[in-house]
Amino acid sequence: MQPVLATGAMRSNAGHTGPLVIITILFFMLGLLTSLNDVLIPHLKAVYDLSYVQAMCVQFCFFGAYFIVSLPAGALIKRIGYQRGAVTGLVIAAAGCALFYPAASGGYGMFLLAFFILAVGITMLQVAANPYVTALGDPVTASSRLTLTQAFNALGTTIAPALGGALILAAGVRGAAELASLPVAEQLAYRAEQAAAVQGPYLVLALALLALAVLFAFAKLPVISYAQTSAAAAQGSLLRHRHLVLGAIGIFMYVGAEVSIGSFLINFLGERHIAALSPAAAAHYVSYYWGGAMLGRFIGFGAMRAVSPGKALAFTAAGSVLLIVTAVTSQGALAMWAIIAVGLCNAIMFPTIFSIALNQLGPQTGQGSGLLCMAIVGGALVPFAQGYLADRIGLQISFLVPALCYLYVLYFGLKYAGMYQQQPPA
């Protein structure tokens, strides 16, 4: 079964433009919020003198929320509708951003709680928004539409590191040895000052999310429902859909790899044998990493109208593996630009895996979307694995962890290389 628009409104592709614009704004905000983690991780690591594994608790709390909340969010959205679900998610995310203000004086644990609540709201938004995009048009071009909206998600991820670097990292962070030489009172005052650097930016984000919630609440969006042929079709087990199960693993691997690279990138570029950049300077190069994904999504929007999504996915995954191996085995500018270029390869992966996995789920599309969003927990666990290796055998060699993840994405793309090969008549 395919998603349909209830009430018979907005059935033409032209009529879908307004709703897609609103959803695209939402994707932009999701990218902005998620990518700011890449700036906060090295910042909080330095402020609280954390190990790599301890610093990755940020991503564990943030992406762990997807695992905990996705299925309940799917069930809630099924009851209250996609539009109200998006409004609810925006309000919760705004509350999470607002918590960063008291977290500045509450310690690292308070920051982790704020990250978790923010991620709960974002999870609801992901569960509601992705099926919306697949429903607003021809299912054959769902990958293309998701790629276009994800391009604006990538615009948010591109802007966030540079913005965060300017607002949060600009003052610089003192090294552990220098900080230890200061009197205890000065150390405490310094840590409090650095922690407070996040208050203003996240308070502004909270207000922006509330404004977007008001926009969604009053926007005239179509009501999405799913045509059903039988009760049995709606109640069947999700796990019987092999492409959904393999797609969920693919989302786990891809998100884990993408997040892990972004999380360690500032520290990697700060290594003396790579680029020896300060955190503020390195943050600009994190923008290049996410900017590559943005550029690639605009390219992929057109390319995948002619090329099988599975083949495109396999090609980009192979490119990611090759680039990471180059970054691990080289140094200087070659290693730096090789790891940054992985962002370009990431471009089409999430929307392509997502749309292949949801193909022909019909009335189970909402639950399937919840399962796929649950798999985003890879962003919590893969960085932990890389952090464990980074603490023990070195940061550079630890990038082999995301390389292994991309090998699975390569397998998934090859397995479904023939999907959507036959285009229906216009």
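View 1. Everything here is a predicted model, where local features need pLDDT of at least 70 and side-chain atom pairs pLDDT 80 or more, while totals for chains, interfaces and linings use all residues. Numbering runs from 1 along each chain as its sequence is written, and side-chain values use heavy atoms, with hydrogens and water left out. Thr316 belongs to helix H15; helices (H or I, at least four residues) and strands (E, at least two) are DSSP runs, numbered from the N terminus. With 13% relative accessibility, Thr316 is buried (under 20% relative accessible area; exposed is over 50%, partly exposed in between; 1.4 Å probe, protein chains only). Setting aside neighbours within four places in sequence, Thr316 touches Cys345, Ile348 and Met349, where contact means heavy atoms within 4.5 Å.

**View 2. Helix H15 from end to end.** H15 covers residues 309–329, and its 21 residues should span 30 Å at 1.5 Å a residue (the expected span is 1.5 Å times one less than the number of residues). The end C-alpha atoms sit 31 Å apart, which agrees. Its buried residues include Pro309, Leu313, Ala317, Val321, Ile324 and Val328.

**View 3. Ser263 and its partner Gln59.** Look in helix H13 (residues 242–270) for Ser263. Its relative accessible area is 0%, so Ser263 is buried. The side chains of Ser263 and Gln59 meet in a polar contact of 2.7 Å. Beyond neighbours within four places in sequence, Ser263 also has Asp38, Ile41 and Met56 among its contacts.

**View 4. Phe350 and Phe354, a tilted pair.** The whole structure holds 18 aromatic pairs, and one of them is Phe350 with Phe354, at 5.4 Å centre to centre and 35° between the planes. Rings of Phe, Tyr and Trp (its six-membered ring) pair if their centres lie within 6.5 Å; planes under 30 degrees apart are stacked, over 60 edge-to-face, and the rest tilted. The two residues are four apart in helix H17 (residues 349–358), so about one helical turn separates Phe350 from Phe354. Phe350 is buried at 6% relative accessibility, and Phe354 is buried at 0%.

View 5. Tyr48, Phe100, Tyr108, Phe111, Phe115 and Tyr202 make up one aromatic cluster. Elsewhere, the charged end of Lys45 sits over the ring of Tyr52, 4.6 Å from its centre; that takes NZ of Lys or CZ of Arg within 6 Å of the ring centre and within 35 degrees of the ring normal. Lys415 lies over the face of Tyr416, 5.9 Å from the ring centre.

**View 6. Ala95 across from Ala114.** Ala95 is part of helix H5 (residues 82–98) and, at 39% relative accessibility, is partly exposed. Ala114 is 19 residues away in sequence, with 8.3 Å between the C-alpha atoms of Ala95 and Ala114.

**View 7. Zooming out to the whole protein.** The fold has 20 helices and two strands. Of its 426 residues, 58% are buried. Among contacts between residues at least 6 apart in sequence, 84% join residues at least 24 apart.

Terms used
Polar contact = N/O pair within 3.5 Å; in protein donor to acceptor, adjacent residues only side chain to side chain.
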